[in-house]
Amino acid sequence: MKLWEKIREVIMGWPDIIEKPSQFGSPHGYYTNGVGFCHFHGENELDIKLSRKLQKKFLDNKRVLQNPYSDENILVRFDVENDADWAVSIVKLAYEEVKK
């Protein structure tokens, strides 16, 4: 199983998740409460909607970039198993923000 598929499997295990194409063209967008909170860019990058306060905790990491098209989103790169687990932890924060 590819890393992105493992991440997808974890996300789909959370309550009230809907997977559908994102408004940005990704076939794998994730929504809860009618709000999209992340989607994949290919097999090694997630685009995650996160408050600026939480973004600041991650932007110093070389695997994280500010999305150049949206200041509400960060791009998180994952290439190995540990990266994927770390990416899931960030997606979980985004999910919890949307669930509030």
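Analyst: The model is predicted, and its protein chain has an average pLDDT of 94, with 100% of the residues scoring at least 70. Within the chain, confidence is highest in β4, at 97, and lowest in α3, where the mean is 94. Helix α3 is the part examined here.

Helix α3 covers residues 81-99, a run of 19 residues. From the first C-alpha to the last it reaches 27 Å, close to the 27 Å expected at 1.5 Å a residue. Its buried residues are Asp83, Ala84, Trp86, Ala87, Val88, Ile90, Val91, Ala94, Tyr95 and Val98. An α-helix has 3.6 residues a turn, so residues three or four places apart point the same way. With that in mind, one may read along Ala84, Ala87, Val91, Ala94 and Val98, which are among the buried residues of α3.

The next matter is what these residues meet.

Leucine 3 lies in helix α1 and counts as buried because its relative accessibility is 15%, under the 20% limit. Setting aside neighbours within four places in sequence, leucine 3 is in contact with Phe78, Asp79, Val80, Glu81 and Ala84. Leucine 3 and glutamate 81 stand 78 residues apart in sequence, yet their C-alpha atoms are 6.9 Å apart in space.

Valine 80, another partner of leucine 3, is placed in the loop between β6 and α3. The C-alpha atoms of valine 80 and leucine 3 are 7.5 Å apart, although 77 residues separate the two in sequence. Valine 80 counts as partly exposed because its relative accessibility is 45%, whereas leucine 3 is buried at 15%.

The greatest share comes from β3, with five residues. In total 17 residues line the largest pocket, and Gln23, Phe24, Gly36, Lys49 and Asn73 lie nearest its centre. The lining divides into six nonpolar, eight polar and three charged residues.

Serine 22 is in the loop between β1 (18-20) and β2, and it counts as buried because its relative accessibility is 10%. Leaving out residues up to four places away in sequence, serine 22 touches Gly29, Tyr31 and His39. Between β2 and β3, the loop contains asparagine 33, whose phi is positive, about 55°, although it is not a glycine. Most residues other than glycine have a negative phi. Aspartate 16, in the loop between α1 and β1, likewise has a positive phi, near 65°. Aspartate 16 is exposed because its relative accessible area is 53%.

Note on methods
Residues are numbered from 1 along each chain as its sequence is written. This is a predicted model: local features need pLDDT of at least 70, side-chain atom pairs count only at pLDDT 80 or more; totals for chains, interfaces and linings use all residues. Side-chain values use heavy atoms; hydrogens and water are left out. Helices (H or I, at least four residues) and strands (E, at least two) are DSSP runs, numbered from the N terminus. The expected span of a helix is 1.5 Å times one less than its number of residues. Buried means under 20% relative accessible area, exposed over 50%, partly exposed in between (1.4 Å probe, protein chains only). pLDDT is the predictor's confidence in each residue, from 0 to 100. On a 1 Å grid over the protein atoms alone, a cavity is a set of points where a 1.4 Å probe fits but cannot get out, and a pocket is an open set with protein on both sides within 12 Å along at least five of seven lines; lining residues have an atom within 4 Å of a point. Ala, Val, Leu, Ile, Met, Phe, Trp, Tyr, Cys and Pro count as nonpolar, Asp, Glu, Lys and Arg as charged, and the others, Gly among them, as polar. Contact means heavy atoms within 4.5 Å.
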